[in-house]
Amino acid sequence: LVGAAGPTEPPATGAVAAPDHDPARRLLLARGAAIFAGLTATGVVGYGVRTALGPPRLDRVRIPLAKLPRSMDGLRIATVSDIHLGPLRGRAHTERIVAAINRLDADLVAVVGDLVDGSVAELGSAAEPLRGLRSRYGSFFVTGNHEYYSGVEEWVQEVDRLGLRVLQNQRQEIQARGGVLDLAGVNDLTGEGTGLAAGPDFATALGDRDPSRPVVLLAHQPLAAKEAARYGVDLQLSGHTHGGQMVPFNLAVKLEQPVVSGLGEVDGTKVYVTNGAGFWGPPVRVGAEPQISLVELRSA
């Protein structure tokens, strides 16, 4: 007799497994990630705009120089670059920077290029507060690349009129506290082959000087240190890089300049790069706040 239960069917083979995800859920997660990324980007940009338009921070750095006389130990140079006066940065920007520098009670003031993005006719009034800069031994200026886009010859004359000495491939003997330091300046690399404010001439600025004295060179671009090192420059003060300003600009700067921000060294010459007090292009700074630097020289 055959049992009441019929024969058992063999298990099915080749069955398709159920999907391990829900398409609707996956779409929801993707949309959530996109919204999160958008909000993050908006927050970063908002932070960057506030930073770029905000007041420059103060950076203090001590730099030992082997040749600096002990009597000059502690000599302080207020250094600023890349003020970038223009459509979004006017007279109030200059006034804020001048006030911040004057509070430092510095021995010297160095403005290392890229003051303007426009002509004297457009921005002369915005630059006027520079007349109020105070220091014990003088205020000095060297051209940046943006001066060459903005009427460099007129700006050299205007900055001189405002009381800053423009060092055009020149040097100035600084006698202070019983010691002597050479302060030199070269025109920006962009000026090569142009007229009155032609490119840098390191031999004119640095040649035939007393090598026992320390020399501080003002040069807008850190790249100038490759040539400055051949003349035994002890310290170069520069700007130009904006400290990177933001991605991907910071990556490009690293490919072009030997030092992007802060203190570095090029072929034995110390190079200090300040982040700049303004901005170029979009008013955004992320990871590189606007800056005024107080450089304190120490005898080694």
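Modeller: Keep in mind that this is a predicted model. Start with α3, where the cover over the buried residues includes α2 and α4.

Biologist: Which residues of α3 are buried?

Modeller: They are V120, L123, G124, A126 and A127. Buried means under 20% relative accessible area.

Biologist: Which hand does the crossing of α3 and α4 have, left or right?

Modeller: The crossing of α3 and α4 is right-handed.

Biologist: Which residues meet in that contact?

Modeller: From α3, V120, L123, G124 and A127. From α4, E154, W155 and E158. The residues of this contact divide into four nonpolar, one polar and two charged. Gly counts as polar and Glu as charged.

Biologist: Now α2. How do you know that its span agrees with its number of residues?

Modeller: Helix α2 has twelve residues, 91-102. At 1.5 Å a residue, α2 should span 16 Å. The expected span takes one less than the number of residues. The end C-alpha atoms of α2 are 16 Å apart, so the two values agree.

Biologist: Which residues of α2 are buried, and what covers them?

Modeller: The buried residues are H93, T94, I97, V98, A100, I101 and N102. Their cover includes the strands β2 (76-80), β3 (108-111) and β12 (291-299), along with the helix α3 (120-127).

Biologist: Why is D105 called partly exposed?

Modeller: Its relative accessibility is 43%. Buried is under 20% and exposed is over 50%. The value for D105 lies in between, so D105 counts as partly exposed.

Biologist: Where is H240, and what is its phi?

Modeller: H240 lies in the loop between β9 (235-238) and α7 (249-256). Its phi is positive, about 75 degrees, and H240 is not a glycine either.

Biologist: How does H240 count, buried or exposed?

Modeller: H240 has 15% relative accessibility. The cut-off for buried is under 20%, so H240 counts as buried.

Methods: Residues are numbered from 1 along each chain as its sequence is written. This is a predicted model: local features need pLDDT of at least 70, side-chain atom pairs count only at pLDDT 80 or more; totals for chains, interfaces and linings use all residues. Side-chain values use heavy atoms; hydrogens and water are left out. Helices (H or I, at least four residues) and strands (E, at least two) are DSSP runs, numbered from the N terminus. Buried means under 20% relative accessible area, exposed over 50%, partly exposed in between (1.4 Å probe, protein chains only). Contact means heavy atoms within 4.5 Å. A crossing is left-handed if the near helix is turned anticlockwise from the far one by less than a right angle, and right-handed if clockwise.
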